[in-house]
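Subject: Structure handover

Hello,

Here is the structure I said I would pass on. My notes on what turned up in it follow below.

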Amino acid sequence: MSKLSVLFVCVHNAGRSQMAAGWLRHLAGDRVEVRSAGSAPGRTINPAAVEAMAEVGIDITDQTPKKLEWETAESSDVIITMGCGDACPIFPGKRYEDWKLEDPAGRGVESVRPIRDEIRTRIEKLLTELVPAT
């Protein structure tokens with residue numbers, strides 16, 4: 001069986017989706033393929049998101065915002081959207097979740113920490129559903 005792929009999508013692919021992807025890579029290791037993209041990607045990752053993740057030992061500085069491509073969404077098993085509304089494509093037979101999360105854009109690291117921590121909680125729950133304990 002090939003491993004599941006999870007796609008995180010937000011508008012700029014600079015904050016929430018990058019933190020979620022960072023958490024899933026960190027917590028799942030190589031058990032899950034992790035992807036992230038944005039409907040209107042920014043130029044760089046949110047520095048406060050980078051700092052907040054670094055505080056918990058996760059380096060996302062090597063990531064760059066990517067444009068959401070049809071093929072990427074179509075070939076993902078799980079698609080998690082974070083505030084991209086109608087810009088996110090819907091494919092029959094996919095598992096979808098829409099995570100209502102504050103947008104970290106323009107906020108300092110103090111405001112981003114609670115978003116980071118909420119994302120971790122959601123990722124831990126998602127992992128228990130996707131990858132049963134061995």
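F8 and W99 are both buried. This is a predicted model, and in it the count of aromatic pairs comes to 1. The ring centres of F8 and W99 are 6.1 Å apart and their planes meet at 55 degrees, so the pair is tilted. F8 belongs to strand β1 and W99 to the loop between β4 and α4, so the pair ties together parts that lie 91 residues apart in sequence. Leaving aside residues up to four places away in sequence, F8 touches S17, A20, A21, L24, V34, R35, S36, A37, I80, M82, W99 and I123.

As background, nonpolar side chains in soluble globular proteins tend to be buried together.

Helix α4

What length should α4 have? With 22 residues at 1.5 Å a residue, α4 should span 32 Å; the C-alpha atoms at its ends are 30 Å apart, which agrees.

Which residues of α4 are buried? They are V109, V112, I115, R116, I119, I123, L126, L127 and L130. On the face turned away from the buried side, α4 carries the exposed residues E110, T121, K125 and T128. For K125, the relative accessible area is 53%, and K125 therefore counts as exposed. Between K125 and R16 there are 109 residues of separation in sequence and 17 Å in space, taken from C-alpha to C-alpha.

Helix α1

The 13 residues of α1 should span 18 Å at 1.5 Å a residue, and the end C-alpha atoms of α1 are 18 Å apart, which agrees. Of those 13 residues, 10 are buried, so α1 is largely enclosed by the rest of the structure. The buried residues of α1 are R16, S17, Q18, M19, A20, A21, G22, W23, L24 and A28. They pack against β1, β2 (33–38), α2 and α4. Just after α1, G29 takes a positive phi of about 60 degrees.

Salt bridges

How many salt bridges does the structure hold? The number is 12, and three of them are described here.

One of them joins R16 to D103, with the closest N and O atoms 3.8 Å apart. This pair links distant parts of the chain: R16 is in helix α1 (residues 16–28) and D103 in the loop between β4 (95–98) and α4 (109–130), 87 residues apart. R16 counts as buried because its relative accessibility is 7%, whereas D103 is partly exposed, with a relative accessible area of 35%.

Another salt bridge is formed by E55 and R113, whose closest N and O atoms are 2.7 Å apart. E55 lies in helix α2 (residues 47–55) and R113 in helix α4, so this pair ties together parts 58 residues apart in sequence. Both partners are partly exposed: E55 has a relative accessibility of 40%, and R113 has a relative accessible area of 29%.

R120 and E124 form a further salt bridge, again with the closest N and O atoms 2.7 Å apart. R120 and E124 both lie in helix α4, 4 residues apart, which is about one turn of the helix. R120 is partly exposed at 32% relative accessibility, and E124 is partly exposed at 34%. Elsewhere, salt bridges that share partners join E55, R113, R116 and D117 into one network.

Regards

Notes
Residues are numbered from 1 along each chain as its sequence is written. This is a predicted model: local features need pLDDT of at least 70, side-chain atom pairs count only at pLDDT 80 or more; totals for chains, interfaces and linings use all residues. Side-chain values use heavy atoms; hydrogens and water are left out. A salt bridge is a side-chain nitrogen of Lys or Arg within 4 Å of a carboxyl oxygen of Asp or Glu. Helices (H or I, at least four residues) and strands (E, at least two) are DSSP runs, numbered from the N terminus. Buried means under 20% relative accessible area, exposed over 50%, partly exposed in between (1.4 Å probe, protein chains only). Contact means heavy atoms within 4.5 Å. Rings of Phe, Tyr and Trp (its six-membered ring) pair if their centres lie within 6.5 Å; planes under 30 degrees apart count as stacked, over 60 as edge-to-face and the rest as tilted. The expected span of a helix is 1.5 Å times one less than its number of residues.
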